[in-house]
Amino acid sequence: MTVADELTSAASDSAATAAGPENPEAEAAGAEEEAPIKQRKNGLYPGVSDELAESMKSGWADTELHDLRPIAQAAETAARRAALSARFPGERLVIPAGNLKTRSNDTEYAFRASVEYAYLTGNQTEDGVLVFEPVADGHKETIYLLPRSDRENGEFWLSGQGELWVGRRHSLTESEKLYGVPAGDVRELAEKLREATGPVRVVRGYDAGIETALTDKVTAERDEELRVYLSEARLVKDAFEIGELQKAVDSTVRGFEDVVRVLDKAEATSERYIEGTFFLRARVEGNDIGYGSICAAGPHATTLHWVRNDGPVRSGDLLLLDAGVETHTYYTADVTRTLPISGTYTEIQKKIYDAVYEAQEAGIAAVRPGAKYRDFHDAAQRVLAEKIVEWGLVEGPVERVLELGLQRRWTLHGTGHMLGMDVHDCAAARTESYVNGTLEPGMVLTVEPGLYFQADDLTVPEEYRGIGVRIEDDILVTEDGNRNLSAGLPRRSAEVEAWMASLTG
């Protein structure tokens, strides 16, 4: 990685700085009455000459993009904003994208805009803020963004976030064409918000500078109502969202195929080979992985969120792979398969796997419009309870086991969750709208029962210990039932074995 030796990156182009106190550091060399450029402590250049600063101001071609078309989801984001406007008439609404976060010293984590902001705009750049300003017939919407790097003051080559260091930003005019919303300079927004009057709501937790500017204008109760609304708005997906989720699932299916093809290399190395293989597919076909991949081989499969992925991969063990590709529009798949590393399940592995498959079948069958959200969970849990009673692991009857939750020693988690731009989507929704709600066409959820027998669990026969099985699919509620978006991956144990054999030759 190269280093901007001329300058310790003064965040002159960040909305976080703009929203807070005025940046005391100079934005560039040669600007009249500006403070001198702050240099890196161990930078190789002592400063910037007037001649170099003047040279960098000119000789650049006009790169404005004039043939841009609206983003693919422009109609959908406009409809979402209209619904939000109607829900909160007469109130100013502020939805930030968030700011860069430091990973180490002067390097940042890859930026991912807040789901609320991306859902309403389609924009994914740091420091952006969507503002709804109340007017007589609804709201005036403005998307506040960082404009193109300034070439006159040198910010584009001197700031660590300048164009020559991190890449070109869209101009405000370009952004208006892309997102269908008037665009403004985010560096001017904090002062406007300080002067704002009337009720204001802000989505908290993403932009401290914006929140500071609104300190005396917002309340926690009003802000929570906004957050809850935006979470519940995502419970039912529109056609664009369903298409993106299918795209994410299709890429995920290919990622699972990639992993099966390299299991021999994973055996020679570790679970990290599996993690890296799936990640490659996610980055080539999508934006990223939707969450930390769980690449759990052997007894690691009994740890529900095993993301260290540093253990051995051994023939004869199972591999529990829980992973999902995230599309460029932030929609993620969430799929799990538990695979025999050798290509063939042992007798006890097959026994446990088939029990989980039976539970998942019962859960998927319960997903339909008009059903209670809890129905698929209850259906799957009943099958698992029946199995552990049948196997003598716990004393029946099954109704007693379910009433006391005794099956949870070996299954622990709920049987699924909503899916979308967050892997656990709509998490802020009211309980009566989500867990205690009713399924509707357009909802997408996971169905993912599992059984996990810890290696040190003395209450089960030794042959069970260290075996963990989960099967997870992404299910769309349709008008007449459901559709398994991840049906491209086999689930029956015999079909899994045949599929693996076809991939490995």
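**Strands β1 and β4**

How many bridges join strand β1 to strand β4, and do these strands run parallel or antiparallel? In this predicted model, strand β1 (residues 92–96) and strand β4 (residues 129–135) are joined by 4 bridges and run antiparallel. Pro96 has Val129 of β4 as its bridge partner.

**The open sheet**

Strands β1 and β4 belong to an open sheet of 5 strands with mixed pairing, in the order β6-β5-β4-β1-β7. Its edges are formed by β6 (183–185) and β7 (200–202), each of which pairs on one side only. On average, and with direction ignored, neighbouring strands of the sheet are turned by 25 degrees against each other.

**Helices on the sheet**

Helix α3 (residues 74–87) packs on the sheet, where it touches β1, β4 and β5 (138–145). The direction of α3 makes about 50 degrees with that of β4.

**Packing of α11 and α13**

Two packed helices are described by the angle between their axes and the distance between the axes. For helix α11 (residues 239–261) and helix α13 (residues 271–285), the angle is about 145 degrees and the axes are 9 Å apart. The crossing of α11 past α13 is right-handed.

On the α11 side, the contact is made by Ser251, Thr252, Arg254, Gly255, Phe256, Asp258 and Val259. Helix α13 contributes Ile274, Thr277, Phe278, Arg281 and Glu285. By class, this contact has 4 nonpolar, 4 polar and 4 charged residues.

Note on methods:
Residues numbered from 1 in each chain as written. Predicted model: local features only at pLDDT ≥ 70, side-chain atom pairs only at ≥ 80, totals over all residues. Heavy atoms only, no water. Axes fitted to C-alpha atoms, helices over the stretch in contact; angles between N-to-C directions. Helix = DSSP H or I, 4+ residues; strand = E, 2+ residues; numbered from the N terminus. Left-handed = near helix turned anticlockwise from the far one by under 90°. Contact = heavy atoms within 4.5 Å. Nonpolar A, V, L, I, M, F, W, Y, C, P; charged D, E, K, R; others polar. Pairing = 2+ DSSP bridges.
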